[in-house]
Amino acid sequence: MKKIPRDDPRAQYMSSDVDLDRSALAEHLRSRNQWVLATTRRDGRPQMSLVTGGMMSDGRLGIATYPQRAKAKNARRDPKVSVAIMGDAFNAAWIQVDGEAEVLDMPEAADAFIEYFRCISGEHDDWDEYRQAMADQGKCMIVIEPTRWSPLSKGGFPPDLFDD
């Protein structure tokens, strides 16, 4: 098979896998908040949910939702969940994080909501007002303790198609 020169424009589409330690994972997640959460339905099939999420200062992942949503019900029943964190574009590098979820209801969830807001939007003008809004809306938090994660992966041409 003929190899592709490294200076060929197609080289920008070469696949890659980069292992990340926990601090590099946190850095990668800092500005990426569009995720796909996978929980498990009663029948064992996956339930995929598009969510907004963030890595909180304690290293857990946070997702705000409502207790009656499938993702919250499924996570209560089976805490093993996975999250796909998309890159800046559809074909950019992405990562999958597996972990153990816990669903927190108000008022227990109040501090987690603050951490969630901070990692996505920064500081709030009135934290008491924010806590009350979350309580009034009847929201809950899914917090996920990461147990493992994939390499930061980018699809494309296999590297062995290119000259060394």
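Hi everyone. Let's start with helix H4, whose buried residues pack against helix H3 (110-121); packing here means contact, with heavy atoms within 4.5 Å. This is a predicted model, where local features need pLDDT of at least 70 and side-chain atom pairs count only at pLDDT 80 or more, while totals for chains, interfaces and linings use all residues. Residues are numbered from 1 along each chain as its sequence is written, and side-chain values use heavy atoms, leaving out hydrogens and water. Helices (H or I, at least four residues) and strands (E, at least two) are DSSP runs, numbered from the N terminus.

Which residues of H4 are buried? In H4, residues 127-136, they are Trp 127, Tyr 130 and Met 134. Down the helix axis they fall within an arc of 60°, so they line one face of H4. The arc is taken over directions from the axis to the C-beta atoms. Asp 128 and Asp 136 are exposed on the other side of H4. Buried is under 20% relative accessible area, exposed over 50%, and partly exposed in between, using a 1.4 Å probe and protein chains only.

Now the ends of H4. Asp 126 caps the N-terminal end, with a side-chain oxygen 3.1 Å from the backbone nitrogen of Asp 128. Just after H4, Gly 138 has a positive phi of about 70°.

On to helix H2, residues 70-77: Lys 71, Ala 72, Asn 74 and Ala 75 are buried there. They fall within an arc of 165° down the axis, so they too line one face of H2. Their cover includes strands S2 (34-40) and S7 (140-149).

Finally, Asp 8 is buried, at 17% relative accessible area, in the segment before strand S1 (16-18). Thanks, everyone!

How values were computed:
Polar contact = N/O pair within 3.5 Å; in protein donor to acceptor, adjacent residues only side chain to side chain.
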